[in-house]
Amino acid sequence: MSDIEVLWLDDDSPKSIKAIDGVRVVTAQTCEQAEALLSSGKAKPDWIVVDLIVPQGNWGKPFRRIPGLHYIKHLRNEYGNRFRILALSIVMTPEMKQMSIEAGAVDAYAKDSTSWVGLIRDLRGRAAHGD
Amino acid sequence: MPFIGGRETKRARVIIEAYRARLASDQRVSADDAISCHEANLIVAKDLENRVRSIQTLATLRSRATLPTAVHALVTVSATWPTSDSVDLAWMLADALRDVL
């Protein structure tokens, strides 16, 4: 098992998954759940993958059009550089990618450009190169 | 509110689970997959935010979303409108539907 831990924030992420391709994976289906995992220390991820259109739960008001974008900003403000962030969305226009990076993401992917397992492999590669 | 029968609900759940399985695997998911999933979600979702989030996604995929989808979403969400946060939700829903329509 790799030393890398990934928190996958996506309402379509499976609740029971523990690892993918040798990488520890913790999932959250809402921003509220992700925040609870981080603030309690139950998740100590090296990477967080944030789906841009994800339910907020009881995290943050008002309701946001692109909740994941605001949550990425929150992660950067609240936790600094404790982990690296990737943005993921079914649609990733150049503008959305730019906004994601400005919010604090290292990179941004469209779901139809890579599989989830492919994303994990990419993270492992980045970690191996010290990124 | 349009009548949604048990068979349609069951079919919608199958579509959603298939989408989630694809997402968690080594397969890519397409915009068409996402549209099918979120249209199905509008049928089975019980909480308001979940429905609004599907509308947001369909609006994001607006070039492929259909007018019946948008109207169905509006009717479905309006049927369970909450008393709190209604102003925020109204603006967000109007914004999303403007994109779809």
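A:Ala19 stands opposite A:Arg24 in β3(A). Strands here are DSSP runs of E with at least two residues, numbered from the N terminus, and two strands pair if DSSP finds at least two bridges between them. The model is predicted: local features need pLDDT of at least 70, side-chain atom pairs count only at pLDDT 80 or more, and totals for chains, interfaces and linings use all residues. Residues are numbered from 1 along each chain as its sequence is written, while chains are lettered from A and ligands numbered from 1 in the order in which they are written.

**Sheet**
- Six strands of chain A form an open, mixed sheet in the order β2-β3-β1-β4-β5-β6.
- Its edge strands, β2 (19–20) and β6 (107–110) of chain A, each pair on one side only.
- β2(A) and β3(A) are antiparallel, with two bridges, and form a hairpin with two residues between them.
- In that turn, A:Asp21 has a positive phi of about 55°.
- Five bridges join β1 (residues 5–9) of chain A to β3(A) in the parallel sense; A:Val6 has A:Val25 as its bridge partner in β3(A).

**Interior**
- Five of the six residues of β3 (residues 23–28) of chain A are buried, so the strand is largely enclosed by the rest of the structure.
- A residue is buried if 20 or more other C-beta atoms, placed from the backbone, lie within 10 Å of its own.

**Chain contact**
- The contact takes 18 residues from chain A and 24 residues from chain B, where contact means C-beta atoms, placed from the backbone, within 7 Å.

Key. Contact = placed C-beta atoms within 7 Å. Helix = DSSP H or I, 4+ residues; strand = E, 2+ residues; numbered from the N terminus. Buried ≥ 20, exposed ≤ 12 C-beta atoms within 10 Å, placed from the backbone.
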